[in-house]
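Look at the model below. The report covers annotated sites, helix packing and domains in turn.

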Amino acid sequence: MRRRFKRLDNMVELDQDLRKIYQDLHQIPELALHEFETHDYLMKQIKQFTADTDFTEIKVPEELSTAILVLFHGSSPKRTIGYRTDIDALPTNEETGLSFASQHPGKMHACGHDIHMTVALGTLRYFAKHQPQDNLLFFFQPAEESENGGKLAYEDGVFTDQWRPDEFYGLHDNPQLDAGTIGCRMGTLFAGTTEVDVDFTGVQGHAAYPQFANDMIVAASQFINQVQTIVSRSVDPIEGGVITFGQFEAGTIRNVISGSAHLKGTIRGLTQTMIEHIDERLQEVTNGIATSYGCKVDLKLNQGGYLPVENNPKLTADFINYMEENPEVTYQETEPAMTGEDFGYLLSKIPGTMFWLGIGDPDHQLHSSQLVPDTKAIQPGISAITGFLTHRMNEKE
Ligand SMILES: CC(=O)N[C@@H](CCC[C@H](N)C(=O)O)C(=O)O
C-alpha cells in the first residue's frame with residue numbers, strides 16, 4: 001500500500017537569511033580541527049534560532065572544541081534522532097570567480113560542506129519553531145576531510161548519556177545530481193579509505209655526479225608507477241579499488257639531486273577486506289623499492305575512521321520509501337561511490353543512513369577549485385530532511 005506523506009509548511013524559496021548564511025560560510029573556509037571562525041559563526045546562528053525555545057541544550061565538547069552539539073528535547077520522546085553535518089574545508093585555491101569567494105587564501109569549501117551546514121541550520125531553524133516529538137540532536141562535526149573528526153568525537157565520549165542518538169543521519173552533496181535531488185541506496189554508499197604517507201630517504205648530491213648520490217625523485221616516481229599497477233593487476237575488476245597520490249614533494253633546485261621525497265595518498269575500496277588487500281600490496285611494493293634502490297622507505301597507513309559507509313537496512317528502507325513516496329521530493333537511487341566519509345565510522349557504532357543531496361554542477365567534481373553548487377538545492381534539501389525526521393518521529397519503532 002503506497003502512503004502519501006503530508007506536505008510541511010516549509011516548501012518555500014530559499015530565504016535571504018539562509019542565502020546569506022551560505023555565502024558567509026563560503027567565505028570563511030577552515031581546515032580540519034581549525035574551524036574556529038566557522039564555529040563562532042555557527043554558534044551565533046544557533047543561539048539566534050533557538051533564543052525563544054525552552055527545549056534546547058547546547059554543548060561544546062572540551063576535547064573537540066570546534067564541534068557543536070545541539071539537543072532539542074522532544075515533546076513526547078521515544079528516542080533521540082541524530083543529524084550530522086561536517087564543517088571543515090580543503091587546502092585549495094578557489095577559482096570560481098564568485099562575488100562571495102573564499103576570503104581565506106589557499107582554502108575553499110570545495111567539498112560543499114558550506115551547503116551541508118546551511119541545510120543543517122535550516123533544518124535546525126525549522127525544529128526550533130516546531131518542537132520535535134522525539135529528541136533531536138544536531139552534530140556540527142569538525143575534520144571530515146582529514147583527522148577523522150567523527151571517530152575523534154566518538155572516542156572522546158561526545159555521544160554519552162542524553163547526547164547519544166539512537167539513529168543517525170547525514171548527507172553529502174553531489175554535483176552530478178540535479179539541484180535538490182536526494183540520492184541514496186541500500187547497503188554500501190561510500191568506500192572506506194586508508195590515508196597513506198610515504199617518506200623516502202636516500203643521498204642528496206650534485207646534479208652532475210649521480211654516481212655519488214641516491215636520487216629519491218627517481219625512487220618515488222618508480223614507486224608511484226608500480227603502485228598504479230596494483231588495482232589493474234591485483235584487484236578483482238568487478239570489485240574495484242582506487243589508489244591516488246595527490247601530493248608529491250621533493251627537491252629544492254634543478255641542479256641538486258634530491259635525497260628525500262614525500263608522498264601523500266589515499267586508498268579506496270568498497271569493503272574493508274579490499275582495503276586491507278590493497279594495503280598489503282602497497283607494503284610489498286614499498287619493500288621492493290627499498291631493496292632495489294638501496295634507500296629507506298617509511299610507509300605509514302592510517303585507516304583512521306574512514307570505514308565504508310554502510311547504511312542500516314531497516315532505517316534506510318524507511319528513508320528511501322519516504323523519499324520515493326513523497327511527491328515533493330525528487331529521489332534517485334545511486335551507485336556506490338569511491339568517495340570516503342568518516343560518517344562511516346559513526347554508522348559502524350550507531351545505525352543510520354547517509355544520503356546525497358544533488359547540487360547540480362555536473363561539469364565539476366567534488367574537490368574542484370571551480371565547484372559552484374546551485375543554491376536551489378538548499379531548500380528542497382531542508383524540506384526533505386525536516387519531512388523525513390518528522391516522519392521518523394511518528395514511527396513507533
Ligand atoms: C566526500 C569526500 O570527498 N570525502 C573525502 C574524505 C576524506 C577521506 C580521507 N581523508 C582520505 O583521504 O582517505 C574524500 O576524499 O573522499
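D86 lies in strand β3 (residues 80–86). Strands here are DSSP runs of E with at least two residues, helices are runs of H or I with at least four, and both are numbered from the N terminus. This is a predicted model, in which local features need pLDDT of at least 70 and side-chain atom pairs count only at pLDDT 80 or more, while totals for chains, interfaces and linings use all residues. Residues are numbered from 1 along each chain as its sequence is written.

**Annotated sites**

UniProt, in an unreviewed entry, marks D86 and E145 as "active site". They are spread over 60 residues of sequence, but they cluster in space, with a largest C-alpha distance of 9.0 Å. E145 sits in the loop between β4 (135–141) and α4 (149–155).

The unreviewed entry also lists C111, H113, E145, H172 and H367 under "binding site". These residues span 257 residues in sequence, yet no two of their C-alpha atoms are more than 12.6 Å apart, so they gather at one spot. UniProt positions follow the numbering used here, feature names are shortened, and annotations may be inferred rather than shown by experiment.

**Helix packing**

Two helix pairs involve α3 (residues 113–129). Axes are lines fitted to C-alpha atoms over the stretch in contact, and angles run from 0 to 180 degrees between N-to-C directions.

| Pair | Angle | Axis distance |
|---|---|---|
| α2 (residues 36–50) and α3 | about 20° | 9 Å |
| α1 (residues 16–27) and α3 | roughly 145° | within 9 Å |

Helix α2 packs on α3 at about 20°. That makes α2 roughly parallel to α3 (angles under 35 degrees count as roughly parallel, over 145 as roughly antiparallel, 65 to 115 as roughly perpendicular and the rest as oblique). L42, Q45, I46, F49 and T50 of α2 contact M117, L121, L124, R125 and A128 of α3. Contact means that C-beta atoms, placed from the backbone, lie within 7 Å. This contact has 7 nonpolar, 2 polar and 1 charged residues. Ala, Val, Leu, Ile, Met, Phe, Trp, Tyr, Cys and Pro count as nonpolar, Asp, Glu, Lys and Arg as charged, and the others, Gly among them, as polar.

In α1, L18, I21, Y22, L25 and H26 meet D114, I115, M117, T118, L121 and G122 of α3. By class, the contact of α1 with α3 has 7 nonpolar, 3 polar and 1 charged residues.

**Domains**

An automatic or database assignment sets the domain bounds. Domain 1 covers 16–190 + 308–394, and domain 2 covers 192–302. Their centres, taken over C-alpha atoms, are 35 Å apart. Domain 1 gives 6 residues to the contact and domain 2 gives 7.

Notes
Two residues are in contact if their C-beta atoms, placed from the backbone, lie within 7 Å.
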